[in-house]
Amino acid sequence: MTQRTLVLLKPDAVRRSLVGEIVSRIERKAGWRITALEMRTLDRATLEQHYAEHVGRPFYEPLLEFMSSGPVVAMIVEGERVIEGMRALAGATDPIAAAPGSIRGDYGVIVRENLVHASDSEESAEREVKIFFPGRA
Ligand code: RTP
Ligand code: MG
């Protein structure tokens with residue numbers, strides 16, 4: 001089943017010079033392709049749209065603050081079961097719980113600064129691709 005997903009390399013990944021490492025892990029996966037890639041600093045309106053499901057949670061404001069603290073790398077990744085696969089490659093939200101070998105398991109330190117975002121379902125992927133790459137909707 002060919003799918004597409006929206007991946008963000010968060011500001012901590014850019015600050016820590018882990019972009020190449022993470023991009024290469026994605027490219028190493030046979031059958032997946034990066035079909036869009038852009039570095040940009042996110043404004044509040046974009047983040048409010050992206051994280052709408054988390055409004056009101058205690059971590060919401062610190063999350064938006066962190067996500068706008070520096071540039072991110074936004075990507076569309078396409079390929080076989082890439083939604084489930086990218087979530088597995090990212091690892092659990094909490095880096096301490098994330099499996100060794102996953103991006104968060106290997107490089108993550110705290111739950112908020114967990115390096116990478118990947119869409120969690122086909123519906124989320126389509127919604128998020130529209131936010132970050134409206135031309136690709
Ligand atoms: P993401 O959306 O970034 O791919 O991560 P996720 O699905 O694994 O986690 P989610 O529950 O959607 O949370 C979104 C992001 O919010 C930050 N967070 N902080 N307790 C906390 O301080 C907390 N919980 C979540 C993380 O950056 C998480 O990735
Ligand atoms: Mg999420």
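Trainee: To begin, among contacts in the chain between residues at least 6 apart in sequence, what percentage join residues at least 24 apart?

Mentor: The model is predicted, and in it 69% of the contacts between residues at least 6 apart in sequence join residues at least 24 apart. The chain has 7 helices and 4 strands, which follow one another as β-α-α-β-α-α-β-α-α-β-α. Its radius of gyration is 14 Å, close to the 14 Å that the globule rule gives for 137 residues, so the chain is as compact as a globular protein of that length.

Now the sheet. The 4 strands make an open sheet with antiparallel pairing, in the order β2-β3-β1-β4. At the edges are β2 (32-40) and β4 (116-118), each pairing on one side only. On average, neighbouring strands are turned by 20 degrees against each other, direction ignored. Between β2 and β3 (residues 72-80), which run antiparallel, there are 8 bridges; Arg 40 stands opposite Val 72 in β3.

Two helices belong in this picture. Helix α5 (residues 82-90) lies across β1 (2-9), β2, β3 and β4, and runs at about 35 degrees to β1. Helix α7 (residues 122-132) also packs on the sheet, where it touches β1 and β3, and its direction makes about 55 degrees with that of β1.

The ligand comes last. Among the residues around ligand 1 are His 117 and Ala 118, and edge strand β4 spans 116-118. The shell also includes Phe 59, Leu 63, Arg 112 and Asp 120. By class, this shell has 4 nonpolar, 3 polar and 2 charged residues.

Notes. Residues are numbered from 1 along each chain as its sequence is written. Chains are lettered from A and ligands numbered from 1 in the order in which they are written. This is a predicted model: local features need pLDDT of at least 70, side-chain atom pairs count only at pLDDT 80 or more; totals for chains, interfaces and linings use all residues. Two strands pair if DSSP finds at least two bridges between them. Axes are lines fitted to C-alpha atoms, for helices over the stretch in contact, and angles run from 0 to 180 degrees between N-to-C directions. Two residues are in contact if their C-beta atoms, placed from the backbone, lie within 7 Å. A residue is near a molecule or strand if its C-beta atom, placed from the backbone, lies within 6 Å of it. Ala, Val, Leu, Ile, Met, Phe, Trp, Tyr, Cys and Pro count as nonpolar, Asp, Glu, Lys and Arg as charged, and the others, Gly among them, as polar. The radius of gyration is taken over C-alpha atoms; the globule rule is 2.2 Å times the number of residues to the power 0.38.
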